Amino acid sequence: MLKKFKALFPKPPFKSAGYPKRTYPGHAAWFVREVTNDDIKALLAVERNVYHGKLPWTKSAFLSELISPLPHLYLCVEAEAILAFGGCRIIGNDAHITNIAVDPDFQGSGIGTFLLQELEHFAKKNGCLTMSLEVRLSNRDAQRLYRKLGYVSRAIKTAYYDQTNEDALDMVKYID
């Protein structure tokens with residue numbers, strides 16, 4: 001019965017941003033490509049590892065982003081499994097980083113920096129003047145990375161994260 005129901009409502013189509021799959025610099029066995037609907041289960045697994053069993057984003061949140069009519073790009077770094085992912089959506093002249101996560105076993109390897117640089121390239125290609133994001137106040141490592149890449153603090157968003165009521169630091173980068 002479930003198969004018949006699923007056949008009536010097929011997966012929504014994935015809208016490609018045209019990102020060419022390629023080898024990750026310095027790691028011949030790793031490659032970077034666009035995320036597809038079929039990757040959502042693996043993205044949730046990375047989230048569970050990063051957020052200690054919690055899922056800030058649900059399957060439906062990822063699906064919603066992937067079929068969004070707004071220009072967007074979601075990338076993952078994969079070897080035998082997905083090691084990291086990141087994404088942004090363009091609203092006006094801002095590329096908003098919606099999500100970025102690197103499996104704890106691969107943090108510090110440069111993947112986060114690489115994904116942010118690829119998203120910035122996408123933003124520039126789409127005429128954006130800024131890139132923005134929110135980051136947990138407790139996530140000092142991520143804040144250091146963002147500052148190193150040129151992001152500056154703009155404001156604190158009180159009780160931004162639903163699950164924990166934690167505040168977020170709103171950051172922006174002005175693109176050259």
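Me: Contact means heavy atoms within 4.5 Å. Going by that, which residues does Gln107 touch, leaving out those up to four places away in sequence?
Reply: This is a predicted model, and in it Gln107 touches Val50 and Val102 once those sequence neighbours are left out.

Me: Where does Gln107 lie?
Reply: In the loop between E5 and H4. Its C-alpha atom is separated by 22 Å from that of Val172, which is 65 residues apart from Gln107 along the chain.

Me: Switching to the inside. How many residues are in the largest nonpolar core?
Reply: There are 33. Val77, Ile97, Ile111, Met131, Tyr146 and Tyr151 have the most contacts inside it.

Me: Which elements give two or more residues to this core?
Reply: Strands E3 (72-78), E4 (82-91), E5 (94-102), E6 (130-136) and E8 (168-174) do, along with helices H4 (111-125) and H5 (140-148). H4 gives the most, with seven residues. As a general point, nonpolar side chains in soluble globular proteins tend to be buried together.

Me: What does Met131 touch, not counting residues up to four places away in sequence?
Reply: Its contacts include Ile97, Leu116, Leu119, Ala123, Tyr151, Met171 and Val172. Charged residues turn up too, among them Asp94, Glu120 and Lys173.

Me: What does the second, separate core include?
Reply: That core has 14 residues, including Leu43, Val46, Val50 and Phe85.

Me: Ok, helix H2 next. Which residues of H2 are buried?
Reply: H2 covers residues 40-50, and its buried residues are Ile40, Leu43, Leu44, Val46, Glu47 and Val50. Looking down the axis of H2, these fall within an arc of 160°, so they line one face of the helix.

Me: Why would spaced-out residues end up on one side of a helix?
Reply: An α-helix has 3.6 residues a turn, so residues three or four places apart point the same way.

Me: What covers the buried residues of H2?
Reply: The cover includes helix H3 (59-66), E4 and E5. Just after H2, by the way, His52 takes a positive phi of about 50°.

Me: And which residues of H3 are buried?
Reply: Phe62, Glu65 and Leu66. Down the axis of H3 they fall within an arc of 95°, so they line one face of that helix. H2, E3, E4 and E5 are among what covers them.

Me: Last topic, pockets. How much space lies in the largest pocket?
Reply: About 1,300 Å³. Its lining has 43 residues, and Val50, Tyr51, Ile100, Asn139 and Ala142 lie nearest its centre.

Me: Which element supplies the largest share of that lining?
Reply: E5, with seven residues. H2, E5, H4, E6 and H5 each supply at least two.

Me: How does the lining divide into nonpolar, polar and charged?
Reply: It comes to 19 nonpolar, 14 polar and ten charged residues.

Terms used. Residues are numbered from 1 along each chain as its sequence is written. This is a predicted model: local features need pLDDT of at least 70, side-chain atom pairs count only at pLDDT 80 or more; totals for chains, interfaces and linings use all residues. Side-chain values use heavy atoms; hydrogens and water are left out. A nonpolar core is a set of buried Ala, Val, Leu, Ile, Met, Phe, Trp, Tyr and Cys residues joined through side-chain atoms within 4.5 Å. Buried means under 20% relative accessible area, exposed over 50%, partly exposed in between (1.4 Å probe, protein chains only). Helices (H or I, at least four residues) and strands (E, at least two) are DSSP runs, numbered from the N terminus. The arc is that of the directions from the helix axis to the C-beta atoms. On a 1 Å grid over the protein atoms alone, a cavity is a set of points where a 1.4 Å probe fits but cannot get out, and a pocket is an open set with protein on both sides within 12 Å along at least five of seven lines; lining residues have an atom within 4 Å of a point. Grid points are joined across faces, edges and corners, and a volume is the space filled by probe spheres set on the points.
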